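Reader: I am new to this structure. Could you show it to me and take me through it?

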Amino acid sequence: MRKRVARPRQATRATKPSRPAPRIVSGTKAAKAKPLALGDLSQLLGYSIRRAQLWIFKEFSRQLAAFEISPAQFSVLCVIDANPGVNQLAVAQLLSIERAGLGRLVDHLEGRGLVRRTASAINRRYYVLYLTEAGTALLGRLRPAAAESDKALAAKIGPRAYKELQRALSVFVAEA
C-alpha cells in the first residue's frame, strides 16, 4: 500500500463569475452603444441637484488634492476656525457627520498637526477643538483653492445662474 504525501495547498483566489460576452448578430456592424435614458429622473430637481453635487465635489476634490485634504476635512477646518474651542459633537451635528466619522476625521487632522483636541473645561465628557498654527496656515492656502472651485462652477453655469443658485440654496444653509 502506498502512503500518500500531503502537499501544501496553493492559495486560490476567488474569482467573480464571468459575464457572458455580448451577442453580436453576424453580418452586422457593431452598433455604438446608445446612451441610456434617464426616464423620470430627468424631470426631478433632486436628481439634478445630486448630479450637480457630484460634479462640484469632483472639482473641489481636484482643487484640494495637492494639499491632501478632502472636502469634509476642509469643512471641519473652516468650522473650527470660525468657532475656536467648539465642541466636537456640535461640529458633527452642524456638518451632518456621524459622531464616529467625525472622530476619525479629527484623529486624522490631529495626526497631521492641524487640529488640537482637548477635554472641555465645562464638561470633561466632551472634546473641544482648536486649529494649530499649521492648521491656520494650511486653511489660508486652501481658501484660494475653494474659490477656484466656485469659479469653475460659475463658469460652467454662468455668473447669473451661479448667483441665483446660491440664493436659492441659501435656505438649506440657513437650516444647518
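Predicted model: local features only at pLDDT ≥ 70, side-chain atom pairs only at ≥ 80, totals over all residues.

Reader: In which helix does Gln88 lie?

Author: The chain has six helices and three strands. Gln88 is among the residues that make the contact of helix 3 with helix 4. Its own element is helix 3.

Reader: Which residues is Gln88 in contact with, leaving aside neighbours within four places in sequence?

Author: Contact here means heavy atoms within 4.5 Å. Neighbours within four places in sequence are left aside. The list is then Leu102, Gly103, Val106, Arg117, Tyr127 and Leu129.

Reader: Are helix 3 and helix 4 roughly parallel or roughly perpendicular to each other?

Author: Helix 3 covers residues 88-95 and helix 4 covers residues 99-111. Their axes come within 9 Å and cross at roughly 115 degrees. Angles of 65 to 115 degrees count as roughly perpendicular. The two helices are therefore roughly perpendicular.

Reader: How many residues of the contact of helix 3 with helix 4 are nonpolar?

Author: Helix 3 brings Gln88, Leu89, Val91 and Ala92 to the contact. Helix 4 brings Arg99, Leu102, Gly103 and Val106. By class, two are polar and one is charged, and the nonpolar residues number five.

Reader: Which strands does helix 4 lie across?

Author: Helix 4 runs at about 120 degrees to strand 2. Strand 2 pairs with strand 3 in the antiparallel sense, over five bridges. Helix 4 lies across both of them, strand 2 and strand 3.

Reader: Which strands stand at the edges of the sheet?

Author: The sheet is open, with three strands in the order 1-3-2 and antiparallel pairing. Each edge strand has a single partner, so one side of each is left without a neighbour in the sheet. The edge strands are strand 1 (86-87) and strand 2 (115-119).

Reader: Which residue of strand 3 is the bridge partner of Thr118?

Author: Strand 3 covers residues 127-131 and pairs with strand 2. Thr118 has its bridge partner in strand 3. That partner is Val128.

Reader: Is Val128 buried or exposed?

Author: Val128 is found in strand 3. Buried means under 20% relative accessible area. Val128 has 11% relative accessibility, so the class is buried.

Reader: How many residues apart in sequence are Val128 and Gly85?

Author: Val128 touches Gly85, and also residues including Val86, Asn87 and Thr118. From C-alpha to C-alpha, Val128 and Gly85 are 5.0 Å apart in space. In sequence, the separation is 43 residues.

Reader: Is helix 2 oblique or roughly perpendicular to helix 5?

Author: Helix 2 (residues 71-82) packs with helix 5 (residues 133-157) at an angle of about 120 degrees, and their axes are 11 Å apart. That angle makes helix 2 oblique to helix 5, so the word is oblique.

Reader: Which residues of helix 5 make the contact with helix 2?

Author: The crossing is left-handed. Helix 2 contributes Phe74, Leu77, Cys78 and Asp81. By class, the contact has six nonpolar, no polar and two charged residues. From helix 5 come Leu139, Leu142, Arg143 and Ala146.

Reader: What share of the residues in the chain is buried?

Author: The chain has 176 residues. Buried residues make up 22%.

Methods: Residues numbered from 1 in each chain as written. Heavy atoms only, no water. Axes fitted to C-alpha atoms, helices over the stretch in contact; angles between N-to-C directions. Helix = DSSP H or I, 4+ residues; strand = E, 2+ residues; numbered from the N terminus. Parallel < 35°, antiparallel > 145°, perpendicular 65-115°, else oblique. Left-handed = near helix turned anticlockwise from the far one by under 90°. Nonpolar A, V, L, I, M, F, W, Y, C, P; charged D, E, K, R; others polar. Pairing = 2+ DSSP bridges. Buried < 20%, exposed > 50% of the residue type's maximum accessible area, 1.4 Å probe, protein only.
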